[in-house]
Amino acid sequence: VLLGRTENLTFSDTLEQFFYRIFASNQYTSVVGFQYIYDKDIIIGSDWFQSVAGILPGVKGSTISSEIFAVIFGSTRGTAPLSTWGSFYYNFGFFGTCLGAFLLSFIYQTLYFIFLKGNTSLLRVVLYGGLFLYFSIWLAGSPMQIVNNGALAVCLLLFIRRLKIKQG
């Protein structure tokens with residue numbers, strides 16, 4: 001309603017749309033997206049590379065989310081991203097998905113152990129909490145989703161926090 005996508009919704013309609021978006025819509029687009037990419041060739045990470053390059057001015061970036069949206073709605077004027085594991089599969093195939101799961105769990109565990117070994121200052125705890133949040137809400141799309149959400153900024157703040165500034 002606030003974005004102007006619908007008009008004159010009652011509270012129950014709004015609640016229904018909210019739950020549909022969380023529990024059905026994203027799952028549906030993930031299934032359609034996987035069906036769309038299943039028979040395509042493995043692209044050895046080029047979609048992820050395109051999504052990273054897409055942050056540069058004038059570079060188009062990845063179009064897979066718009067292609068899937070077009071399959072569902074008939075227009076490319078929106079996005080329907082692959083699930084995280086669909087994106088792994090599209091970029092690296094079955095074995096790459098398995099390897100990616102192990103690599104991702106290793107990264108998560110390493111971050112957690114680094115967090116446990118450090119001090120418990122309020123700023124550090126909040127920054128690591130934010131980093132864990134960003135990694136935990138990565139449910140769809142490429143790893144650029146984590147960067148777009150703000151994980152890179154949190155990492156930068158963690159780095160800046162460690163710098164000793166000389167006075168005088």
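How much space lies in the second largest pocket? About 280 Å³ of space lies in the second largest pocket, whereas the largest pocket has a volume of about 1,400 Å³. The structure is a predicted model, in which local features need pLDDT of at least 70 and side-chain atom pairs count only at pLDDT 80 or more, while totals for chains, interfaces and linings use all residues. Residues are numbered from 1 along each chain as its sequence is written, and side-chain values use heavy atoms, with hydrogens and water left out.

**Pockets**

- A pocket is found on a 1 Å grid over the protein atoms alone, as an open set of points where a 1.4 Å probe fits, with protein on both sides within 12 Å along at least five of seven lines, and its lining residues have an atom within 4 Å of a point.
- Grid points are joined across faces, edges and corners, and the volume is the space filled by probe spheres set on the points.
- The largest pocket is lined by 46 residues, and Arg-21, Asn-26, Thr-79, Ala-80 and Pro-81 are those that lie nearest its centre.
- Helices H1 (11–37), H2 (46–53), H3 (64–73) and H6 (144–149) each supply at least two residues of the lining of the largest pocket, and H1 gives the most, with 12 residues; helices here are DSSP runs (H or I, at least four residues) numbered from the N terminus.
- By class, the lining of the largest pocket divides into 19 nonpolar, 23 polar and four charged residues, where Ala, Val, Leu, Ile, Met, Phe, Trp, Tyr, Cys and Pro count as nonpolar, Asp, Glu, Lys and Arg as charged, and the others, Gly among them, as polar.
- The second largest pocket is lined by 17 residues, of which Leu-104, Ile-107, Phe-135, Trp-138 and Pro-143 lie nearest its centre.
- In the lining of the second largest pocket, H4, H6 and H7 each supply at least two residues, the largest share, eight residues, comes from H4, and the classes are 15 nonpolar, two polar and no charged residues.

**Nonpolar cores**

- A nonpolar core is a set of buried Ala, Val, Leu, Ile, Met, Phe, Trp, Tyr and Cys residues joined through side-chain atoms within 4.5 Å, with buried meaning under 20% relative accessible area, exposed over 50%, and partly exposed in between (1.4 Å probe, protein chains only).
- The largest nonpolar core has 13 residues, of which Phe-88, Leu-131, Phe-135, Trp-138, Ile-146, Val-154 and Leu-158 touch the most other members.
- Helices H4 (84–117), H5 (122–136) and H7 each supply at least two residues of this core, and the largest share, four residues, comes from H5.
- Apart from this core lies another, of seven residues, among them Ile-37, Ile-68, Phe-69 and Ala-80.
- Val-154 lies in helix H7 (residues 151–162) and is buried, with a relative accessible area of 9%.
- Val-154 and Pro-143 are 11 residues apart in sequence and 15 Å apart in space, C-alpha to C-alpha.

**Buried positions in H2, H3 and H4**

- In H2, Asp-47, Trp-48, Ser-51 and Ala-53 are buried, and the buried residues of H2 pack against H3, H4 and H6.
- Ser-87, found in helix H4, is buried at a relative accessible area of 3% and, not counting residues up to four places away in sequence, touches Trp-48, Leu-82, Gly-141 and Ser-142.
- Ser-65, placed in helix H3, counts as buried at 19% relative accessibility and, with residues up to four places away in sequence not counted, touches Gly-78, Thr-79, Ala-80 and Pro-81.

**Backbone and cysteines**

- Most residues other than glycine have a negative phi, and most peptide bonds are trans.
- Ile-44 has a positive phi of about 50° although it is not a glycine; the place of Ile-44 is in the loop between H1 and H2, where Ile-44 counts as exposed at 66% relative accessibility.
- A search of the whole structure finds zero disulfides, a disulfide being a pair of cysteine sulfur atoms within 2.5 Å.
- Cys-98 is partly exposed, with a relative accessible area of 32%, and Cys-155 also counts as partly exposed, at 38% relative accessibility.

Conventions:
Contact = heavy atoms within 4.5 Å.
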